[in-house]
Amino acid sequence: MKKKMVPKGWKLVILGLPLAAAAATTFLPLQRMGQQFVMLIVLLWLQVFFIVECFFAGR
């Protein structure tokens, strides 16, 4: 079975998406709860990304 390698550039883009979203929300007129919810989503995205990377690093 052939392994598909994901280019390093795409990995950086996927890793940078939550950070870009967090930076973009600073310009949106959100209430405090909205900003906290966005930060929660960003932190969950980072955790899932790192966990998935750790599982696939052994392959």
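1. W45 sits in helix α2, which covers residues 32-57. Helices here are DSSP runs of H or I with at least four residues, strands are E runs of at least two, and both are numbered from the N terminus. At 40% relative accessibility, W45 is partly exposed. The cut-offs are under 20% for buried and over 50% for exposed, with partly exposed in between (1.4 Å probe, protein chains only).

2. The model is predicted: local features need pLDDT of at least 70, side-chain atom pairs count only at pLDDT 80 or more, and totals for chains, interfaces and linings use all residues. Residues are numbered from 1 along each chain as its sequence is written, and side-chain values use heavy atoms, with hydrogens and water left out.

3. W45 also belongs to a nonpolar surface patch, together with V6, W10, V13, I14 and L17. Helix α1 (residues 8-25) gives the largest share, four residues. Patch members have over 30% relative accessible area and no salt bridge; nonpolar side chains (Val, Leu, Ile, Met, Phe, Trp, Tyr) are joined within 5 Å, like charges within 9 Å. A salt bridge puts a side-chain nitrogen of Lys or Arg within 4 Å of a carboxyl oxygen of Asp or Glu. Areas follow the Shrake-Rupley method with a 1.4 Å probe; for residues, only the protein chains shown count as cover.

4. There is one aromatic pair in the structure. The ring centres of F49 and F50 are 5.9 Å apart and the planes stand at 70°, so the pair is edge-to-face. Rings of Phe, Tyr and Trp (its six-membered ring) pair with centres within 6.5 Å; planes under 30 degrees apart are stacked, over 60 edge-to-face, the rest tilted. F49 is buried, at 13% relative accessible area. F50 is partly exposed, at 47%.

5. Which residues does L15 contact, leaving aside neighbours within four places in sequence? They are L46, F49 and F50, where contact means heavy atoms within 4.5 Å. L15 lies in helix α1 and is partly exposed, at 24%. From L15 to G34 the C-alpha distance is 22 Å, at a separation of 19 residues in sequence.

6. Q36 is placed in helix α2. Its relative accessibility is 45%, hence partly exposed. T26 is 10 residues from Q36 in sequence, and their C-alpha atoms are 11 Å apart.

7. Overall, the chain has two helices and zero strands. The radius of gyration is 15 Å, whereas a compact globule of 59 residues would have one near 10 Å. That radius is taken over C-alpha atoms; the globule rule is 2.2 Å times the number of residues to the power 0.38. The C-alpha trace spans about 50 × 20 × 15 Å along its principal axes. Buried residues make up 12% of the 59. Accessible surface comes to about 5,600 Å², with 74% on carbon and sulfur atoms.
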